[in-house]
Amino acid sequence: MKYLLFFTFLVFEGVQERRVYVCESATAYAYHYYKIDKCEGLAKCKSKITETSLDSAVRVFGKDKLCGFCKYKADE
Ligand SMILES: [Zn+2]
């Protein structure tokens with residue numbers, strides 16, 4: 001039971017509370033795991049960069065894809 005609770009906590013953290021970055025440009029479609037020092041895609045953002053939860057990145061900002069650079073880094 002303890003294990004199950006721990007696992008649930010991890011999933012919740014990962015899905016709901018992961019902090020991501022979005023470029024507030026109409027042409028930007030992705031959210032980012034990393035800041036501009038680590039992501040080439042976000043470094044190209046000319047608009048305001050906002051830190052938010054993954055949930056609101058998708059629902060509020062409409063960025064529903066993970067950036068390719070960040071995905072590559074996260075898979076390393
Ligand atoms: Zn990125």
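Colleague: Two residues are in contact if their C-beta atoms, placed from the backbone, lie within 7 Å. Of the contacts in the chain with a separation of 6 or more, what percentage comes from residues 24 or more positions apart?

Modeller: Those residues account for 64% of them. Bear in mind that this is a predicted model, in which local features need pLDDT of at least 70 and side-chain atom pairs count only at pLDDT 80 or more, while totals for chains, interfaces and linings use all residues. Residues are numbered from 1 along each chain as its sequence is written.

Colleague: Fine. How many helices and strands in the chain?

Modeller: Four helices and four strands, in the order α-β-β-α-β-α-β-α from the N terminus. Both are DSSP runs numbered from the N terminus: helices are H or I with at least four residues, strands are E with at least two.

Colleague: What is the strand order in the sheet?

Modeller: The open sheet has the order β3-β1-β2-β4, with mixed pairing. Two strands pair if DSSP finds at least two bridges between them. The edge strands, each pairing on one side only, are β3 (49-53) and β4 (65-66).

Colleague: And β1 with β2, parallel or antiparallel?

Modeller: Antiparallel, joined by two bridges. V22 stands opposite Y31 in β2.

Colleague: New topic. How much of the chain is buried?

Modeller: 18% of its 76 residues. Buried is 20 or more other C-beta atoms within 10 Å of the residue's own, exposed is 12 or fewer, and partly exposed is in between, with C-beta atoms placed from the backbone.

Colleague: Which residues make up the largest nonpolar core?

Modeller: There are 12, including V20, Y21, V22, C23, A28, A30 and Y31. A nonpolar core is a set of buried Ala, Val, Leu, Ile, Met, Phe, Trp, Tyr and Cys residues joined through C-beta atoms within 7 Å. β1 (19-23) and β2 (30-32) each supply at least two residues of this core, and the largest share, four residues, comes from β1.

Colleague: What does C23 touch?

Modeller: Apart from residues up to four places away in sequence, C23 touches A28, L42, C45, S47 and I49.

Colleague: Now T52. Which strand is that in, and why does T52 count as partly exposed?

Modeller: T52 is in β3. T52 counts as partly exposed because it has 16 C-beta neighbours inside 10 Å.

Colleague: What is T52 in contact with?

Modeller: Leaving aside neighbours within four places in sequence, V20, V22, A57 and F61. The C-alpha atoms of T52 and Y21 are separated by 6.1 Å, with the two residues 31 apart along the chain.
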